[in-house]
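Here is a short walk through one protein model. Please keep the sequence and the structure in view as you read.

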Amino acid sequence: MSRLVTLTTDFGLQDHYVAVMKAVILGKTPTARLVDISHEIPPHDVMAGAWVLRNAYPHFPAKTVHLVVVDPGVGTHRKPIIVELDDQLFVGPDNGVFSLLTARDSFRAWEINDPEIRHAGNSSTFHGRDLFAPAAARLAAGISPTKLGDRIDELVTYRWARPIADPAGIQGWIVHIDRFGNLISNIPEEMIRKTVAGRPLKIYVGNTIMEEISATYASVEEGDPLACIGSSGMLEIAVNKGNAAEMLGVVKGAQISLVTQTGPR
């Protein structure tokens with residue numbers, strides 16, 4: 001039985017690119033089952049692709065093949081790779097798009113060099129169609145990564161700044177803004193529990209100050225900002241039925257601080 005294949009790209013849906021990749025996969029492995037994770041990754045934003053993939057892949061079953069094409073270096077010397085992690089396979093460019101996966105867990109990786117894939121009339125501008133989709137199709141058919149390439153031990157890695165915690169609180173950064181304008185930070189719930197839970201605090205982001213972490217978006221009045229733990233397990237800033245990025249004028253990379261307050265607990 002063919003495996004599930006997911007697709008994550010920055011191609012959007014206006015053009016033919018996504019459909020053509022699907023056609024290539026189905027042409028080689030007609031019984032493959034295709035699932036779109038996202039095609040709205042901001043153009044060339046490798047780390048946005050990494051973030052979306054990091055939050056999506058754990059929910060897929062073992063043996064799923066994840067095709068990831070966010071590839072501003074298409075046609076350059078960056079390697080086409082296959083990564084095996086958590087009994088799932090990932091296909092895409094070695095440009096850091098798998099950073100948030102491989103930084104946390106052990107993995108195996110291969111550089112794709114199968115001659116039938118690498119030298120089958122590949123263009124220099126559409127490796128999603130000519131290189132990555134054929135590789136994903138073969139993996140979906142059950143072909144081992146060892147048949148498609150040679151083992152490599154190191155990958156290109158982008159490292160996000162880690163949040164900093166001390167007795168005075170936590171300093172982190174906004175690492176992702178979703179389509180609702182929610183500002184997702186790199187501060188995990190576990191760090192909040194260990195550092196500031198149960199203590200009076202103030203949360204600073206942009207020119208806005210909040211004094212608690214809410215349970216839901218509806219914990220505040222419509223149009224008001226709030227802090228909460230989002231579905232990614234990270235602290236996020238939102239506006240009830242509004243767009244926090246627009247309302248607060250905050251962009252990706254902005255600082256967010258949780259400062260504990262003196263006084264009785």
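The text below starts with the sheet, moves to one hairpin and the helices, and ends at a single residue.

The model is a predicted one. Seven strands take part, in the order E2-E1-E3-E5-E4-E6-E7. Their pairing is mixed. Now look at the two edges. Strand E2 (33-38) stands at one of them, and strand E7 (149-152) also stands at an edge. Each has a single partner strand, so one side of each is left without a neighbour in the sheet. From one strand to the next, the twist averages 25°.

Next, find strand E4. E4 covers residues 80-85 and is joined to strand E5, residues 88-93, by six bridges. The two run antiparallel. Together E4 and E5 form a hairpin, with two residues between them. Asp86 sits in that turn and has a positive phi of about 50°. Trace the facing residues across this pair. Pro80 stands opposite Pro93 in E5. Val83 has Phe90 in E5 as its bridge partner.

E4 also pairs with E6. Four bridges join these two strands, which again run antiparallel. Here the bridge partner of Ile82 is Trp110 in E6. How much of E4 is covered? E4 is mostly covered, with five of its six residues buried.

Helix H2 (residues 46-56) lies across E2, strand E3 (65-69) and E5. H2 runs at about 125° to E2. Helix H5 (residues 127-140) packs on the sheet too. H5 touches strand E1 (4-9), E3, E4, E5 and strand E6 (108-112). The direction of H5 makes about 175° with that of E3.

Where is Thr102 found? Thr102 belongs to helix H3, which spans residues 99-102. Is Thr102 buried or exposed? Its relative accessible area is 12%, and buried means under 20%, so Thr102 counts as buried. Beyond its neighbours within four places in sequence, Thr102 is in contact with Val83, Phe107 and Leu155. Arg193 gives a view along the chain. Thr102 and Arg193 are 91 residues apart along the chain, and 26 Å separates their C-alpha atoms.

Conventions
Residues are numbered from 1 along each chain as its sequence is written. This is a predicted model: local features need pLDDT of at least 70, side-chain atom pairs count only at pLDDT 80 or more; totals for chains, interfaces and linings use all residues. Side-chain values use heavy atoms; hydrogens and water are left out. Buried means under 20% relative accessible area, exposed over 50%, partly exposed in between (1.4 Å probe, protein chains only). Contact means heavy atoms within 4.5 Å. Two strands pair if DSSP finds at least two bridges between them. Axes are lines fitted to C-alpha atoms, for helices over the stretch in contact, and angles run from 0 to 180 degrees between N-to-C directions.
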